[in-house]
Amino acid sequence: MTSGISRRARVLAAAVGTGVLVPLVAAATPAAAAAPAVTCTSAKAGLATKLKKDITAALATRKGTVAVGIYDRSTNTTCTLRASSAYDSASVVKVTVLATLLWDAKKTNRYLTDRENTLAKAMITKSDNAATSTLWKQLGMTKIKNFLKAAGMTQTKPGANGYWGLTQITVTDEQKLLKLLTAKNAVLSDNSRAYIVKLMGQVVSSQRWGTPYGVPSGVTVAVKNGWLQRSTNGWRVHSVGAFKGGGHDYVMTVLTHGNSTMNYGIATIQAVAKVIHRDLAAS
């Protein structure tokens, strides 16, 4: 009767009566929680089903924890996976830093200084950490939090004590930011939006991996990536991008952690990006 049951379970059962033996064993071996599924909706017939199937297949053999967001204005298509899961931002937060700087400057009706422009360009195009730290300190936590509030990025928690790379981000909020950058809105001026997208379009070639992978020719690319290794959850590797052309206008976020190496995380992101670009181009 007790074969295969742990000694602890038998001891507990003996102590409180055999009537609880089955519940104790059941509690000792809970069923594994089902992994979250990709969800997609689209105004284009068949597109949501295709994207769901292909993104799921792209991730089927990949280790680590992956969150995905897509939004295409042209076909009113949205896909999400783990949309509210929090990740250490690494350098992806640099887009938020620049957006905050421009939002704050607009409030006082001023242009960025030459120094700010130099820092912003280095921060986005080369992912310069020192430039980011300078701007983060200049802005201060109050302004950063006020921008997040204005942008509706309620799930984003800025990193404490100057550790901007440990800001907690989610797919939901990164997609909100990308949407603000790519359509007229009351938070960022048209000039501010154009400036951020321009710099994201000038990222150095060695950092243009991730969401742009497999993008069709003739489609413009704006990208910002992030990568960070920590003792827990291995490598964080992220990519956010905005794409326009070929009859589509879409934004994409892929956040990952639990990667054995940076390159493993990049390969995971690119497997997802490739099928998204392909499916949208064919729709």
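These legends walk you through a few close-up views of a predicted model. Residues are numbered from 1 along each chain as its sequence is written, and side-chain values use heavy atoms, without hydrogens or water. Local features need pLDDT of at least 70, side-chain atom pairs count only at pLDDT 80 or more, and totals for chains, interfaces and linings use all residues.

**View A. The disulfide of C40 and C79.**
A search of the whole structure finds 1 disulfide, meaning a pair of cysteine sulfur atoms within 2.5 Å. Here the sulfur atoms of C40 and C79 are 2.1 Å apart. C40 belongs to strand β1 (residues 39-41) and C79 to strand β3 (residues 77-81), so the pair ties together parts that are 39 residues apart in sequence. (Strands are DSSP runs of E, at least two residues; helices are runs of H or I, at least four; both are numbered from the N terminus.) The link is right-handed, with 115 degrees about the S-S bond. C79 is buried at 0% relative accessible area; buried means under 20%, with a 1.4 Å probe and protein chains only.

**View B. The aromatic pair of W103 and F147.**
The structure holds 3 aromatic pairs, counted when ring centres of Phe, Tyr or Trp (its six-membered ring) lie within 6.5 Å. The ring centres of W103 and F147 are 5.9 Å apart and their planes meet at 65 degrees, so this pair is edge-to-face (planes over 60 degrees apart; under 30 is stacked and the rest tilted). W103 sits in helix α4 and F147 in helix α6, 44 residues apart, and both are buried.

**View C. R62 over the face of Y264.**
R62 lies 3.9 Å from the ring centre of Y264. Such a charge has NZ of Lys or CZ of Arg within 6 Å of the ring centre and within 35 degrees of the ring normal.

Methods
Buried < 20%, exposed > 50% of the residue type's maximum accessible area, 1.4 Å probe, protein only.
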